[in-house]
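Here is a short report on helix packing and pockets. Keep the model open while you read.

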Amino acid sequence: MAEVDFYVLEGDPPPDPQQFVCRLLDTVHRRGGEVHVHVADEAAAHALDARLWSFSAGSFVPHRLVGTPGRAPVWIGWQPPAQPGEVLLNLADEVPHFFSGFRRVLELVPADPPGRDRARARYRFYRERGYPLRKHTLGGGA
């Protein structure tokens, strides 16, 4: 059964969600992990791809868009992966139907009220099905 971690972004100002995602992916990569990042659509995939190339002058996160040739520890896609893996970072509004094939699921809880409401719905989804849940609260300014 997948373990689910929720990263709550709060504070004044709250951490920038895109910057946090890049740092989180950098951390997973540095620890030798592999992650599939599920985004809402192709435009979001390309936006994250571009952000990963430029988020930090001192870091590089090897990544690929799903469907491109080669290997990388970070895959970005808007459709189900060919095969599940170790970690799924869900950046879409809904819980993807393939989440249970992953050992860990990472969810982001943004500070904006509509985003927070969508994250609460995902939290309820996992809780009602008995998945182990953890919450990590992250303060502002990141």
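## Helix packing

α1 and α2 pack at an angle of about 70 degrees. Their axes lie 10 Å apart. Angles from 65 to 115 degrees count as roughly perpendicular, so α1 is roughly perpendicular to α2. The crossing of the two helices, α1 and α2, is right-handed. This is a predicted model.

Which residues make the contact? From α1 come Q18, Q19, V21, C22 and L25. From α2 come L48, R51 and L52. By class, the contact of α1 with α2 has five nonpolar residues, two polar and one charged.

## The largest pocket

The largest pocket holds about 500 Å³ of space. Its lining has 20 residues. Nearest the centre of this pocket lie P17, Q18, V21, L91 and L108. Q18 and V21 also belong to the α1 side of the contact with α2.

Three helices each supply at least two residues of the lining: α1 (17-30), α2 (42-54) and α3 (113-128). By class, the lining of the largest pocket has twelve nonpolar, five charged and three polar residues.

## The second largest pocket

What is the volume of the second largest pocket? It is about 350 Å³. The lining of this pocket has 17 residues, and E34, W75, P81, Q83 and P84 are the closest to its centre.

Sorted by class, the lining of the second largest pocket has ten nonpolar residues, four polar and three charged.

How values were computed: Residues numbered from 1 in each chain as written. Predicted model: local features only at pLDDT ≥ 70, side-chain atom pairs only at ≥ 80, totals over all residues. Heavy atoms only, no water. 1 Å grid on protein atoms, 1.4 Å probe; cavity = no way out; pocket = protein on both sides within 12 Å on 5 of 7 lines; lining within 4 Å. Points joined across faces, edges and corners; volume = space filled by probe spheres on them. Helix = DSSP H or I, 4+ residues; strand = E, 2+ residues; numbered from the N terminus. Nonpolar A, V, L, I, M, F, W, Y, C, P; charged D, E, K, R; others polar. Axes fitted to C-alpha atoms, helices over the stretch in contact; angles between N-to-C directions. Parallel < 35°, antiparallel > 145°, perpendicular 65-115°, else oblique. Left-handed = near helix turned anticlockwise from the far one by under 90°. Contact = heavy atoms within 4.5 Å.
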